[in-house]
Amino acid sequence: MIDIKKNEFQVIVIGAGHAGCEAALATARAGVKTLLLTINLDTIAALPCNPSVGGQGKGQLVREIDALGGEMGIVADETSIQRRRLNTRKGIAVQSNRFQSDKNAYVRRMTQSLLSQANLKLLQAMATDLYFENGNIAGVVTVSGEIFYAPVVILTTGTFLRGKIHIGEVSYSAGRAGEPAADALGCSIEKLGLPVMRFKTGTPPRIDANTVNFDGLEKQESDPDTAPFSLWSGESEFQTLSCYLTRTNPETHRIIRENFSRSALFSGNIKGTGTRYCPSIEDKLSKYPDKDSHKVFLEPEGFYSHEIYLQGMSTSLPEEVQEAYVNTIKGLENARITRPGYAIEYDIVNPEDLYPTLMSRSINNLFLAGQINGTSGYEEAGAQGILAGINAAAVINGKRPLILDADSSYLGLMVQEITMTGLSEPYRVFTSRSPFRLNLRMSNAEQRLSEIAYSYDVMPENKILAVRERNLKIEYVKHQLIDYSLTPSKLKDLFPELAEPMPQSSVSLAQLLKRSEVNINLFKELIPEISDLDKMAATEVEAQIKYEGYLAQQQKEFELRESMEKIVLDESFFNDMPSALTYEAKVKIMAVKPHTIGDLARIPGVRASDVAVTAMTIRKRLRNGKSQ
């Protein structure tokens, strides 16, 4: 047993946002004595922006966190006030859960997990510097001058590094609304020589629910059939709530346009780069001047809260302007703003400084996770946190570092993209980023990642045994569907709606399940074991059968791509790029000018279809004997 004194730990995690919580839990579960430092113990795992977890690509990340032994999915399930499954009209692989959470309950539930975790100590203190001995990282210095010692440190500072809030002409230092920025730590990191960049994000105003007229607004109910994120969660303590949809209009846009000059975004006060994927309302109107309406989602902040989040209305306009344009929107004519929207600038460290383990190339045994790496979103942060935690514990426990491949997880894809190609804007995960998205389903996260988690001691034996038993059930039901055949007459008796056109010979249930309109639950009476599967496992069986042909074709495409990965792209290619490439891909390709097709495939924003088009074009040009 290691004798560790009061201020001595094996790993110190700075910041208790989503990345910090997952990192600290991972190291502690791996048997490593961990200290988690945070400026405010009351805002652990806070949801300062949208009170939701999941979404396109993000839902897949939450499932991967769960499969790696993390906590986000459990907490999201147990604090949910609405559950929806997105992209249900598309294939299973790109469908994603998105849950609204009670934001206060989310904080309480995550704090409970941290406090009950062995090997983990929480402390409210502001870190101001990293401490070194003999040139090696050796701990953290707090604002009081106290030193906490550890040979490994994980930075998960979110938007706090020299954070600056902007509301119209007003700007002030803050990590987020109501909390101080980590200015001293930000200066220390820059002095250490880490490559610092400046990014920006924002949030919309919140309004008093009692001042909203919901009559005539489009209601969005919770979907009771949506599977939970986690295999290990209990029921939510809350009844479900509805969200509502309204829209901006020409009058809304007039007020905003007349005040463009007062927006911190356009006045020049903001220097940091914002994300294209979550633009402010000013940015939307500037980029899409001909569009006379934008969606605004009214999302409750909590079951007992009287505040509503206006999704789609992020802004840095002055408070009085926010109030004026909000009151032009249907249902919000008398709405009262309880908290104004704002933009926030903050420091990040260029993730090109990171190894794919998330350890800094510049400072040995310093790991970084979350928004400090230039990503956006709770889910991206949590996923990086658990990877950083696993690898920090691996340093202490003498294990090989974990590097996840892009073909094994969205987490691996994200880390590959941010560390290999760098960032010019905040990064977020989309299913469209991955050429392997048919394989990277929400429903098979355990098959891809849980044995890895067990080997790194972050998933206990009882859970891995349950996962293995679940995998056996999935395989059993799959083979039952393949082996169970119906004659044409029997098919007509049992499922008359599936008997047209009448097959000439017997068909298996698996063949019937390949039809887009057929759901696995249709066959429960014939194969009772289907009822023993959890909802996500049933989805996985269905996915494996429905995607069988697509996966075989995809494998051929991967083999073609691999064979062409090292083909050099000369200048003639950039002068005559295929017309079928998306506009975004062309912009990204011209900005990077990749050397090979493999390099092109790793550019963030370039989709699998763009890579396929490029490969086919090059192959055709080579076959015709033409110059690229």
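**Close-up 1. R339 and E307 form a salt bridge in this predicted model.** The closest N and O atoms of the two side chains are 2.8 Å apart. R339 sits in strand β19 (residues 337-339) and E307 in strand β18 (residues 307-311), so this contact ties together parts that are 32 residues apart in sequence. How accessible is R339? Its relative accessibility is 46%, so R339 counts as partly exposed. E307, on the other hand, is buried, with a relative accessible area of 13%.

**Close-up 2. E446 meets R63 in a salt bridge.** Here the closest N and O atoms are 2.6 Å apart. E446 belongs to helix α12 (residues 445-455) and R63 to helix α2 (residues 58-67), so the pair ties together parts that are 383 residues apart in sequence. Are these two partners buried or exposed? Both E446 and R63 are buried.

**Close-up 3. R448 and E64 form a salt bridge.** Which parts of the chain does this pair link? R448 is in helix α12 and E64 in helix α2, distant parts of the chain that are 384 residues apart. The closest N and O atoms of R448 and E64 are 3.0 Å apart. R448 is buried, with a relative accessible area of 16%, and E64 is buried as well, at 1%.

**Close-up 4. Stepping back to the whole structure.** How many salt bridges does a search of the whole structure find? The search finds 33, and the pair R448 and E64 is one of the salt bridges shown in these views.

Technical notes:
Residues numbered from 1 in each chain as written. Predicted model: local features only at pLDDT ≥ 70, side-chain atom pairs only at ≥ 80, totals over all residues. Heavy atoms only, no water. Salt bridge = Lys/Arg side-chain N within 4 Å of Asp/Glu carboxyl O. Helix = DSSP H or I, 4+ residues; strand = E, 2+ residues; numbered from the N terminus. Buried < 20%, exposed > 50% of the residue type's maximum accessible area, 1.4 Å probe, protein only.
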